[in-house]
Amino acid sequence: DTAYRSGKGVIGFTGHIGNFELMAAYFSLRGYKLSVIGREVYDPRLDQLLVKNRESVGLKNIPSSAGAKPLLKVLRSGEFLGILADQDSSRVRGVFIDFFGRPARTPVGPVLLAYKTGSPIIPMAIVRQEKNRYKIIVKPPVVLACSDNREKDITDTLQKCTDALESIIRQYPDQWLWMHGRWKSKP
């Protein structure tokens, strides 16, 4: 809440853990202006259905192919931007950082956006509990590294973000949904 009220926008850093679609809907229904980045689904009919479902709860869907301009606009408007950043995608710029003790190519976009806009990065996730209840875990904002070496700062900050997400996955490993080749790229 404090980060959102600052007016600088908020970068919600999460991954494919728990019901991340429900988490975004929850924040939107609670009054946060929220956009999410979504990769287009292979079948246009399914993609249209997914986008329609997101929009029905007030979310704005930004296709992953849209580039940086709409993302910057969201953050500069003081809104919330949800990013799932736990995959190895050749479609975006990435760097290798440690993830569960192995080098994993990780997208740098969330960190670059934070440096560009001053928006805080908030690691978070949603996990299922007993009796079909959910718990949203919100970690403290990640402090951006600041030195004379920008590339090292980007990597160091991304490592902090990923460490926060990894700590949640370690608590709830059965809820990490990604069946993607997380370590397919090699340094």
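**Sheet, helices and rings**

Mentor: Start with β2 and β3, which pair in the parallel sense over four bridges; strands pair if DSSP finds at least two bridges between them. Helices (H or I, at least four residues) and strands (E, at least two) are DSSP runs, numbered from the N terminus. This is a predicted model, where local features need pLDDT of at least 70 and side-chain atom pairs count only at pLDDT 80 or more, while totals for chains, interfaces and linings use all residues. Residues are numbered from 1 along each chain as its sequence is written, and side-chain values use heavy atoms, with hydrogens and water left out.

Trainee: What stands opposite Gly38?

Mentor: Pro63, in β3.

Trainee: And in what order do the six strands of the open sheet come?

Mentor: The order is β3-β2-β4-β1-β7-β8, with mixed pairing. β3 (60-63) and β8 (134-138) are at the edges with a single partner strand each, so one side of each has no neighbour in the sheet. From one strand to the next, the twist averages 30°.

Trainee: Which strands does α5 lie across?

Mentor: β1, β4 and β7, and α5 runs at about 165° to β1. Axes are lines fitted to C-alpha atoms, for helices over the stretch in contact, and angles run from 0 to 180 degrees between N-to-C directions.

Trainee: Which residues of α5 are buried?

Mentor: In α5 (residues 109-117) they are Pro110, Val111, Leu113, Ala114, Tyr115 and Thr117. Buried means under 20% relative accessible area, exposed over 50%, and partly exposed in between (1.4 Å probe, protein chains only). Their cover includes β1 (10-14), β6 (102-107) and α6 (150-171). Just after α5, Gly118 has a positive phi of about 80°.

Trainee: How do α5 and α6 cross?

Mentor: Their axes come within 9 Å and cross at roughly 115°. The crossing is right-handed; that is the clockwise case, whereas a crossing is left-handed if the near helix is turned anticlockwise from the far one by less than a right angle. Val111, Leu112 and Tyr115 in α5 meet residues of α6, among them Arg150, Asp153 and Ile154. Contact means heavy atoms within 4.5 Å.

Trainee: Arg150 again. Where does it lie relative to Tyr115?

Mentor: Over the face of the Tyr115 ring, at 4.3 Å from the ring centre. A charge sits over a ring if NZ of Lys or CZ of Arg is within 6 Å of the ring centre and within 35 degrees of the ring normal. Arg182 lies over the face of Phe99, at 4.9 Å from the ring centre.

Trainee: Change of topic. How many aromatic pairs are there?

Mentor: A search of the whole structure finds 10. One of them, Tyr4 with Tyr32, is edge-to-face, at 4.7 Å centre to centre and 70° between the planes. Tyr4 is in helix α1 (residues 2-5) and Tyr32 is in the loop between α2 (20-29) and β2 (34-38), 28 residues apart. Rings of Phe, Tyr and Trp (its six-membered ring) pair if their centres lie within 6.5 Å; planes under 30 degrees apart count as stacked, over 60 as edge-to-face and the rest as tilted.

Trainee: Are Tyr4 and Tyr32 buried or exposed?

Mentor: Both are buried. Together with Tyr26, Phe27 and Phe80, Tyr4 and Tyr32 form one aromatic cluster.

Trainee: Why does Arg30 count as exposed?

Mentor: Because its relative accessibility is 58%. Arg30 lies in the loop between α2 and β2.
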